[in-house]
Amino acid sequence: MIDESAVTAHVERIADGFIARAGDLTAEVVKVYTRELPNLVYDDEAVVNLLSASLLQNLDTVLRVFRHGIDPGEVRAPAAAIEYARRLAQRGTPVIDLIRAYFLAQSTLIAHVPAEAIKQSVDSEMLGAVIERYMAGAFAFIDRVTQQVVSAYQDEREHWLLDRSAVRAARVRDLLGSDRVDVDSAEKTLGYRLRGRHLAAVVWFDETAAKPRTLESMTRAIAEHLPTSAAPLIVPADEQCLWAWFPLAAGTTLDDDLIRRVAQTVAPGVRMALGDPGDGVAGFRDSHEQAGRVHALAAIAGDHPDHCLTFRDVGTLALMTSDLPATRSWVTGVLGELATDDEQHHRLRETLLVFLTTGGSYTAAATTLSMHKNSVQYRVRKAEELLGHPIADRRLEIELALKLCRHVGRALLSFQP
(Lines give C-alpha, C1' and ligand atoms only; values in the text may rest on other atoms or scores of the structure.)
Protein backbone atom coordinates (compact mmCIF):
# COMPACT_ATOMS: atom_id res chain seq x y z
CA MET A 1 0.00 0.00 0.00
CA ILE A 2 1.29 3.45 -0.94
CA ASP A 3 2.26 5.65 1.99
CA GLU A 4 0.53 8.97 1.22
CA SER A 5 2.81 10.88 3.57
CA ALA A 6 5.80 9.56 1.63
CA VAL A 7 4.16 10.64 -1.63
CA THR A 8 3.67 14.12 -0.15
CA ALA A 9 7.31 14.29 0.90
CA HIS A 10 8.48 13.36 -2.61
CA VAL A 11 6.08 15.92 -4.17
CA GLU A 12 7.52 18.65 -1.93
CA ARG A 13 11.13 17.78 -2.78
CA ILE A 14 10.35 17.75 -6.52
CA ALA A 15 8.67 21.16 -6.12
CA ASP A 16 11.86 22.44 -4.42
CA GLY A 17 13.84 21.24 -7.43
CA PHE A 18 11.49 23.01 -9.81
CA ILE A 19 11.61 26.21 -7.77
CA ALA A 20 15.37 26.24 -8.08
CA ARG A 21 15.01 25.95 -11.87
CA ALA A 22 12.07 28.35 -12.28
CA GLY A 23 13.98 30.61 -14.69
CA ASP A 24 14.93 27.73 -16.98
CA LEU A 25 11.41 26.30 -16.94
CA THR A 26 9.96 29.70 -17.85
CA ALA A 27 12.38 30.01 -20.76
CA GLU A 28 11.36 26.56 -21.95
CA VAL A 29 7.68 27.50 -21.86
CA VAL A 30 8.48 30.62 -23.91
CA LYS A 31 10.13 28.39 -26.52
CA VAL A 32 6.96 26.28 -26.66
CA TYR A 33 4.92 29.46 -27.15
CA THR A 34 7.27 30.56 -29.93
CA ARG A 35 6.38 27.38 -31.78
CA GLU A 36 2.69 27.06 -30.87
CA LEU A 37 1.56 30.63 -30.12
CA PRO A 38 4.00 32.94 -31.92
CA ASN A 39 1.56 35.87 -31.82
CA LEU A 40 2.03 35.98 -28.03
CA VAL A 41 5.83 36.01 -28.22
CA TYR A 42 6.28 38.42 -31.10
CA ASP A 43 4.02 41.09 -29.68
CA ASP A 44 4.69 44.53 -28.26
CA GLU A 45 7.68 44.46 -25.88
CA ALA A 46 5.64 45.65 -22.88
CA VAL A 47 3.06 42.91 -23.46
CA VAL A 48 5.75 40.23 -23.84
CA ASN A 49 7.31 41.39 -20.56
CA LEU A 50 3.91 41.05 -18.95
CA LEU A 51 3.66 37.53 -20.38
CA SER A 52 6.98 36.63 -18.75
CA ALA A 53 5.85 38.06 -15.43
CA SER A 54 2.59 36.12 -15.68
CA LEU A 55 4.49 32.90 -16.41
CA LEU A 56 6.86 33.37 -13.49
CA GLN A 57 4.07 34.20 -11.04
CA ASN A 58 1.91 31.29 -12.19
CA LEU A 59 4.82 28.88 -11.99
CA ASP A 60 5.75 30.17 -8.53
CA THR A 61 2.13 29.81 -7.38
CA VAL A 62 1.62 26.27 -8.63
CA LEU A 63 4.94 25.09 -7.22
CA ARG A 64 4.06 26.56 -3.82
CA VAL A 65 0.76 24.69 -4.04
CA PHE A 66 2.78 21.46 -4.27
CA ARG A 67 5.41 22.57 -1.79
CA HIS A 68 3.00 23.57 0.97
CA GLY A 69 0.03 21.33 0.25
CA ILE A 70 -2.30 24.24 -0.62
CA ASP A 71 -5.77 23.37 -1.97
CA PRO A 72 -5.68 24.40 -5.67
CA GLY A 73 -9.38 25.24 -5.43
CA GLU A 74 -8.54 28.11 -3.07
CA VAL A 75 -5.84 29.67 -5.25
CA ARG A 76 -6.23 33.17 -6.67
CA ALA A 77 -4.73 33.93 -10.05
CA PRO A 78 -1.55 36.05 -9.74
CA ALA A 79 -1.89 39.78 -10.37
CA ALA A 80 0.35 39.66 -13.45
CA ALA A 81 -1.80 36.87 -14.90
CA ILE A 82 -4.98 38.90 -14.48
CA GLU A 83 -3.35 41.99 -15.98
CA TYR A 84 -1.99 40.00 -18.91
CA ALA A 85 -5.48 38.60 -19.62
CA ARG A 86 -6.88 42.13 -19.60
CA ARG A 87 -4.18 43.35 -21.95
CA LEU A 88 -4.91 40.54 -24.42
CA ALA A 89 -8.60 41.49 -24.28
CA GLN A 90 -7.77 45.08 -25.14
CA ARG A 91 -5.70 43.95 -28.11
CA GLY A 92 -8.37 41.60 -29.41
CA THR A 93 -6.25 38.45 -29.02
CA PRO A 94 -8.58 35.40 -29.18
CA VAL A 95 -9.39 34.06 -25.72
CA ILE A 96 -8.57 30.53 -26.94
CA ASP A 97 -4.91 31.62 -27.20
CA LEU A 98 -4.95 32.57 -23.53
CA ILE A 99 -6.45 29.21 -22.54
CA ARG A 100 -3.98 27.28 -24.72
CA ALA A 101 -1.10 29.16 -23.12
CA TYR A 102 -2.04 27.74 -19.70
CA PHE A 103 -2.39 24.18 -20.90
CA LEU A 104 0.87 24.31 -22.86
CA ALA A 105 2.68 25.58 -19.76
CA GLN A 106 1.10 22.82 -17.69
CA SER A 107 2.14 20.13 -20.18
CA THR A 108 5.70 21.46 -20.17
CA LEU A 109 5.89 21.29 -16.38
CA ILE A 110 4.32 17.82 -16.12
CA ALA A 111 6.77 16.46 -18.70
CA HIS A 112 9.63 17.20 -16.28
CA VAL A 113 8.09 15.41 -13.29
CA PRO A 114 9.41 11.88 -14.05
CA ALA A 115 13.00 13.05 -14.59
CA GLU A 116 12.91 15.25 -11.48
CA ALA A 117 11.42 12.37 -9.47
CA ILE A 118 14.29 10.10 -10.52
CA LYS A 119 16.78 12.80 -9.51
CA GLN A 120 15.09 12.86 -6.10
CA SER A 121 15.52 9.03 -5.85
CA VAL A 122 11.79 8.24 -6.01
CA ASP A 123 11.49 4.47 -6.33
CA SER A 124 9.45 2.85 -9.08
CA GLU A 125 6.65 1.91 -6.70
CA MET A 126 6.18 5.55 -5.69
CA LEU A 127 6.71 7.10 -9.15
CA GLY A 128 3.21 6.47 -10.43
CA ALA A 129 1.61 7.92 -7.31
CA VAL A 130 3.86 11.01 -7.43
CA ILE A 131 3.09 11.66 -11.12
CA GLU A 132 -0.62 11.15 -10.46
CA ARG A 133 -0.49 13.67 -7.57
CA TYR A 134 1.26 16.22 -9.78
CA MET A 135 -1.18 15.76 -12.65
CA ALA A 136 -4.23 16.04 -10.41
CA GLY A 137 -2.84 19.14 -8.69
CA ALA A 138 -1.78 20.77 -11.95
CA PHE A 139 -5.17 20.20 -13.60
CA ALA A 140 -6.99 21.53 -10.53
CA PHE A 141 -4.73 24.60 -10.53
CA ILE A 142 -5.21 25.24 -14.26
CA ASP A 143 -8.97 24.80 -13.97
CA ARG A 144 -9.12 27.29 -11.11
CA VAL A 145 -6.81 29.91 -12.61
CA THR A 146 -8.13 29.78 -16.17
CA GLN A 147 -11.64 30.41 -14.89
CA GLN A 148 -10.38 33.58 -13.23
CA VAL A 149 -8.26 34.87 -16.10
CA VAL A 150 -10.94 34.11 -18.71
CA SER A 151 -13.48 35.93 -16.57
CA ALA A 152 -11.10 38.91 -16.32
CA TYR A 153 -10.57 38.74 -20.10
CA GLN A 154 -14.29 38.71 -20.86
CA ASP A 155 -15.09 41.56 -18.47
CA GLU A 156 -12.27 43.68 -19.86
CA ARG A 157 -13.20 42.88 -23.45
CA GLU A 158 -16.80 43.93 -22.87
CA HIS A 159 -15.79 47.17 -21.15
CA TRP A 160 -13.08 47.88 -23.69
CA LEU A 161 -15.41 47.41 -26.65
CA LEU A 162 -18.09 49.57 -25.07
CA ASP A 163 -15.61 52.33 -24.29
CA ARG A 164 -13.89 52.06 -27.66
CA SER A 165 -17.23 52.00 -29.44
CA ALA A 166 -18.40 55.12 -27.62
CA VAL A 167 -15.14 56.95 -28.33
CA ARG A 168 -15.15 55.91 -31.98
CA ALA A 169 -18.79 56.88 -32.43
CA ALA A 170 -18.13 60.33 -30.95
CA ARG A 171 -15.05 60.85 -33.11
CA VAL A 172 -16.86 59.67 -36.26
CA ARG A 173 -19.72 62.08 -35.62
CA ASP A 174 -17.16 64.88 -35.19
CA LEU A 175 -15.61 63.92 -38.52
CA LEU A 176 -18.98 63.97 -40.25
CA GLY A 177 -20.08 67.24 -38.75
CA SER A 178 -16.96 69.43 -38.69
CA ASP A 179 -14.59 70.73 -41.34
CA ARG A 180 -11.78 71.11 -38.80
CA VAL A 181 -10.22 67.68 -38.43
CA ASP A 182 -6.94 66.59 -36.87
CA VAL A 183 -6.44 63.66 -39.22
CA ASP A 184 -3.50 62.14 -37.32
CA SER A 185 -5.38 62.17 -34.01
CA ALA A 186 -8.58 60.85 -35.60
CA GLU A 187 -6.74 57.99 -37.31
CA LYS A 188 -5.11 57.00 -34.02
CA THR A 189 -8.42 57.02 -32.16
CA LEU A 190 -10.32 55.15 -34.84
CA GLY A 191 -7.59 52.73 -35.85
CA TYR A 192 -8.56 53.51 -39.41
CA ARG A 193 -6.70 55.33 -42.21
CA LEU A 194 -8.63 58.41 -43.33
CA ARG A 195 -6.23 59.40 -46.10
CA GLY A 196 -7.17 56.43 -48.28
CA ARG A 197 -10.17 55.47 -50.39
CA HIS A 198 -13.46 54.72 -48.63
CA LEU A 199 -16.70 52.93 -49.40
CA ALA A 200 -19.36 53.79 -46.82
CA ALA A 201 -22.28 51.55 -45.96
CA VAL A 202 -25.33 51.55 -43.75
CA VAL A 203 -26.25 48.03 -42.63
CA TRP A 204 -29.45 47.21 -40.81
CA PHE A 205 -31.87 44.44 -39.87
CA ASP A 206 -35.31 44.12 -41.39
CA GLU A 207 -37.82 44.74 -38.61
CA THR A 208 -39.16 41.19 -38.71
CA ALA A 209 -35.82 39.48 -39.35
CA ALA A 210 -34.37 36.84 -37.05
CA LYS A 211 -30.97 37.89 -35.74
CA PRO A 212 -28.76 34.78 -35.51
CA ARG A 213 -25.56 36.84 -35.89
CA THR A 214 -24.50 40.34 -35.05
CA LEU A 215 -24.51 43.04 -37.70
CA GLU A 216 -20.83 43.60 -37.00
CA SER A 217 -19.86 40.01 -37.75
CA MET A 218 -21.91 40.06 -40.95
CA THR A 219 -20.33 43.35 -42.03
CA ARG A 220 -16.86 41.90 -41.51
CA ALA A 221 -17.87 38.89 -43.59
CA ILE A 222 -19.00 41.23 -46.37
CA ALA A 223 -15.63 43.01 -46.20
CA GLU A 224 -13.96 39.75 -47.22
CA HIS A 225 -15.62 40.05 -50.64
CA LEU A 226 -14.36 43.59 -51.24
CA PRO A 227 -10.85 44.63 -52.38
CA THR A 228 -10.07 46.14 -48.97
CA SER A 229 -6.63 47.20 -47.76
CA ALA A 230 -7.42 46.79 -44.03
CA ALA A 231 -10.26 45.99 -41.63
CA PRO A 232 -13.44 48.08 -41.95
CA LEU A 233 -14.37 50.84 -39.52
CA ILE A 234 -17.67 49.87 -37.87
CA VAL A 235 -19.75 52.16 -35.64
CA PRO A 236 -23.16 51.16 -34.23
CA ALA A 237 -25.85 53.71 -35.02
CA ASP A 238 -28.48 51.98 -32.87
CA GLU A 239 -29.61 48.44 -31.98
CA GLN A 240 -30.90 47.78 -35.50
CA CYS A 241 -28.36 49.62 -37.63
CA LEU A 242 -24.65 50.35 -38.01
CA TRP A 243 -22.39 52.54 -40.11
CA ALA A 244 -19.36 51.07 -41.83
CA TRP A 245 -16.46 52.27 -43.96
CA PHE A 246 -14.49 49.80 -46.07
CA PRO A 247 -10.92 50.94 -46.90
CA LEU A 248 -10.58 50.16 -50.58
CA ALA A 249 -7.47 49.75 -52.68
CA ALA A 250 -6.60 52.94 -54.54
CA GLY A 251 -8.68 53.52 -57.66
CA THR A 252 -11.30 50.87 -56.86
CA THR A 253 -14.74 51.51 -58.36
CA LEU A 254 -18.07 49.78 -57.84
CA ASP A 255 -18.71 47.74 -60.96
CA ASP A 256 -21.62 45.36 -61.56
CA ASP A 257 -19.59 42.26 -60.69
CA LEU A 258 -18.40 43.67 -57.36
CA ILE A 259 -21.89 44.80 -56.38
CA ARG A 260 -23.28 41.37 -57.30
CA ARG A 261 -20.69 39.59 -55.13
CA VAL A 262 -21.44 41.86 -52.18
CA ALA A 263 -25.20 41.43 -52.61
CA GLN A 264 -24.81 37.65 -52.58
CA THR A 265 -22.99 37.90 -49.25
CA VAL A 266 -25.65 39.95 -47.47
CA ALA A 267 -27.47 37.52 -45.18
CA PRO A 268 -31.27 37.06 -45.25
CA GLY A 269 -32.98 39.61 -43.04
CA VAL A 270 -30.13 42.10 -43.44
CA ARG A 271 -30.08 45.08 -45.79
CA MET A 272 -27.23 47.27 -46.96
CA ALA A 273 -26.98 50.71 -48.55
CA LEU A 274 -23.72 51.68 -50.24
CA GLY A 275 -22.42 55.11 -51.22
CA ASP A 276 -19.94 55.78 -54.00
CA PRO A 277 -16.21 55.29 -53.22
CA GLY A 278 -14.44 58.51 -52.22
CA ASP A 279 -10.94 59.63 -51.24
CA GLY A 280 -9.67 61.27 -48.07
CA VAL A 281 -11.77 62.87 -45.35
CA ALA A 282 -14.10 64.45 -47.93
CA GLY A 283 -14.68 61.06 -49.54
CA PHE A 284 -15.26 59.55 -46.08
CA ARG A 285 -18.06 62.07 -45.50
CA ASP A 286 -19.55 62.07 -49.01
CA SER A 287 -19.76 58.30 -49.29
CA HIS A 288 -21.47 58.11 -45.88
CA GLU A 289 -23.97 60.84 -46.79
CA GLN A 290 -24.81 58.97 -49.97
CA ALA A 291 -25.26 55.66 -48.12
CA GLY A 292 -27.48 57.49 -45.63
CA ARG A 293 -29.69 58.83 -48.42
CA VAL A 294 -30.04 55.35 -49.91
CA HIS A 295 -30.91 54.02 -46.45
CA ALA A 296 -33.62 56.68 -46.12
CA LEU A 297 -34.99 55.66 -49.51
CA ALA A 298 -35.07 52.01 -48.44
CA ALA A 299 -36.82 52.95 -45.19
CA ILE A 300 -39.55 54.74 -47.17
CA ALA A 301 -39.91 51.79 -49.53
CA GLY A 302 -40.26 49.28 -46.67
CA ASP A 303 -40.24 45.66 -47.82
CA HIS A 304 -38.20 45.45 -51.01
CA PRO A 305 -36.61 42.49 -52.85
CA ASP A 306 -33.26 44.26 -53.32
CA HIS A 307 -31.39 43.90 -50.01
CA CYS A 308 -28.27 45.68 -51.33
CA LEU A 309 -28.88 49.15 -52.80
CA THR A 310 -26.21 51.49 -54.12
CA PHE A 311 -26.10 55.24 -54.62
CA ARG A 312 -24.82 54.54 -58.11
CA ASP A 313 -28.11 52.87 -59.02
CA VAL A 314 -30.67 54.78 -56.95
CA GLY A 315 -28.88 57.99 -55.95
CA THR A 316 -31.08 60.23 -58.10
CA LEU A 317 -34.17 58.60 -56.63
CA ALA A 318 -32.81 58.98 -53.10
CA LEU A 319 -32.20 62.69 -53.64
CA MET A 320 -35.71 63.18 -55.01
CA THR A 321 -37.44 61.50 -52.07
CA SER A 322 -36.02 63.91 -49.49
CA ASP A 323 -39.33 65.76 -49.95
CA LEU A 324 -41.72 62.84 -50.22
CA PRO A 325 -45.01 64.78 -50.63
CA ALA A 326 -43.54 66.83 -53.49
CA THR A 327 -42.16 63.67 -55.11
CA ARG A 328 -45.51 61.92 -54.83
CA SER A 329 -47.24 64.87 -56.47
CA TRP A 330 -44.67 64.91 -59.28
CA VAL A 331 -45.01 61.16 -59.93
CA THR A 332 -48.80 61.47 -60.10
CA GLY A 333 -48.44 64.39 -62.50
CA VAL A 334 -46.13 62.43 -64.80
CA LEU A 335 -47.84 59.02 -64.73
CA GLY A 336 -51.47 59.94 -64.14
CA GLU A 337 -53.65 56.84 -63.81
CA LEU A 338 -50.58 54.64 -64.29
CA ALA A 339 -49.58 55.52 -60.71
CA THR A 340 -52.54 53.56 -59.30
CA ASP A 341 -51.66 51.11 -56.51
CA ASP A 342 -52.95 47.75 -57.71
CA GLU A 343 -51.55 44.63 -59.38
CA GLN A 344 -52.80 45.46 -62.89
CA HIS A 345 -51.14 48.89 -62.98
CA HIS A 346 -48.01 47.45 -61.33
CA ARG A 347 -47.60 45.02 -64.28
CA LEU A 348 -48.07 47.83 -66.79
CA ARG A 349 -45.49 50.03 -65.01
CA GLU A 350 -42.92 47.24 -64.86
CA THR A 351 -43.38 46.33 -68.52
CA LEU A 352 -43.08 49.95 -69.62
CA LEU A 353 -39.97 50.48 -67.50
CA VAL A 354 -38.24 47.42 -68.94
CA PHE A 355 -39.24 48.55 -72.43
CA LEU A 356 -37.66 51.97 -71.85
CA THR A 357 -34.48 50.64 -70.19
CA THR A 358 -33.88 48.18 -73.04
CA GLY A 359 -33.79 51.01 -75.58
CA GLY A 360 -37.45 50.90 -76.60
CA SER A 361 -37.09 47.41 -78.07
CA TYR A 362 -40.12 45.13 -77.84
CA THR A 363 -37.95 42.11 -78.57
CA ALA A 364 -35.37 42.90 -75.88
CA ALA A 365 -38.11 43.69 -73.34
CA ALA A 366 -39.88 40.42 -74.14
CA THR A 367 -36.63 38.49 -73.57
CA THR A 368 -35.99 40.25 -70.26
CA LEU A 369 -39.55 39.66 -69.03
CA SER A 370 -39.81 36.12 -70.48
CA MET A 371 -42.96 37.17 -72.32
CA HIS A 372 -44.22 37.09 -75.88
CA LYS A 373 -43.40 40.18 -77.90
CA ASN A 374 -47.11 40.78 -78.62
CA SER A 375 -47.87 40.84 -74.89
CA VAL A 376 -45.22 43.50 -74.37
CA GLN A 377 -46.67 45.57 -77.23
CA TYR A 378 -50.16 45.32 -75.73
CA ARG A 379 -49.03 46.42 -72.27
CA VAL A 380 -46.93 49.32 -73.57
CA ARG A 381 -49.87 50.51 -75.68
CA LYS A 382 -52.22 50.22 -72.67
CA ALA A 383 -49.78 52.18 -70.47
CA GLU A 384 -49.52 54.88 -73.11
CA GLU A 385 -53.32 55.20 -73.14
CA LEU A 386 -53.29 55.76 -69.37
CA LEU A 387 -50.55 58.39 -69.72
CA GLY A 388 -52.76 60.28 -72.15
CA HIS A 389 -49.94 61.18 -74.52
CA PRO A 390 -47.15 59.50 -76.52
CA ILE A 391 -44.28 58.15 -74.42
CA ALA A 392 -41.77 60.08 -76.51
CA ASP A 393 -43.25 63.39 -75.30
CA ARG A 394 -41.84 62.93 -71.77
CA ARG A 395 -39.66 59.83 -72.05
CA LEU A 396 -36.98 60.73 -69.45
CA GLU A 397 -39.49 61.91 -66.87
CA ILE A 398 -41.62 58.80 -67.35
CA GLU A 399 -38.63 56.49 -66.92
CA LEU A 400 -37.56 58.30 -63.74
CA ALA A 401 -41.08 58.24 -62.30
CA LEU A 402 -41.36 54.52 -63.06
CA LYS A 403 -38.05 53.86 -61.28
CA LEU A 404 -39.32 55.77 -58.26
CA CYS A 405 -42.44 53.61 -58.23
CA ARG A 406 -40.33 50.44 -58.43
CA HIS A 407 -38.03 51.39 -55.55
CA VAL A 408 -40.41 53.34 -53.29
CA GLY A 409 -43.74 51.78 -54.14
CA ARG A 410 -46.90 52.56 -52.22
CA ALA A 411 -45.61 55.74 -50.62
CA LEU A 412 -45.80 57.33 -54.09
CA LEU A 413 -48.87 55.58 -55.51
CA SER A 414 -52.55 56.46 -55.52
CA PHE A 415 -54.98 54.03 -53.95
CA GLN A 416 -58.17 53.45 -55.88
CA PRO A 417 -60.98 51.86 -53.81
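Where is the place of Asp16? Asp16 lies in helix α1, which covers residues 4-20. The structure is a predicted model, in which local features need pLDDT of at least 70 and side-chain atom pairs count only at pLDDT 80 or more, while totals for chains, interfaces and linings use all residues. Residues are numbered from 1 along each chain as its sequence is written, and side-chain values use heavy atoms, with hydrogens and water left out.

Along the principal axes, the C-alpha atoms fill a box of roughly 110 × 50 × 35 Å.

Of the 417 residues in the chain, 45% are buried. Buried stands for under 20% relative accessible area, exposed for over 50%, and partly exposed for values in between, with a 1.4 Å probe and protein chains only. The accessible surface of the chain comes to about 21100 Å², and carbon and sulfur atoms contribute 51% of it. These areas come from the Shrake-Rupley method with a 1.4 Å probe; for residues, only the protein chains shown count as cover. Among the contacts (heavy atoms within 4.5 Å) with a separation of 6 or more, 73% are between residues 24 or more positions apart.

The largest nonpolar core has 55 residues, of which Leu194, Trp245, Leu335, Leu338, Leu352 and Ile398 touch the most other members. Such a core is a set of buried Ala, Val, Leu, Ile, Met, Phe, Trp, Tyr and Cys residues joined through side-chain atoms within 4.5 Å. A second, separate core consists of 51 residues, including Leu50, Leu55, Tyr84 and Leu109. Leaving aside residues up to four places away in sequence, the residues touched by Trp245 include Val172, Leu176, Tyr192, Pro232, Phe284 and His288.

Several individual positions were also examined. Asp16 counts as partly exposed because its relative accessibility is 34%. Asp16 and Arg67 are 51 residues apart in sequence, and their C-alpha atoms are 7.0 Å apart in space. Ile99 is part of helix α6, residues 95-111, and its relative accessible area of 27% makes Ile99 partly exposed. The C-alpha atoms of Ile99 and Val149, 50 residues apart along the chain, are separated by 8.8 Å.

Ser370 sits in the loop between α16 (362-369) and α17. With a relative accessible area of 68%, Ser370 is exposed. Phi of Ser370 is positive, near 55 degrees. Most residues other than glycine have a negative phi. Between the C-alpha atoms of Ser370 and Val408, 38 residues apart along the chain, the separation is 24 Å. Ser375 belongs to helix α17, residues 373-387, and is partly exposed because its relative accessible area is 33%.

Notes. Helix = DSSP H or I, 4+ residues; strand = E, 2+ residues; numbered from the N terminus.
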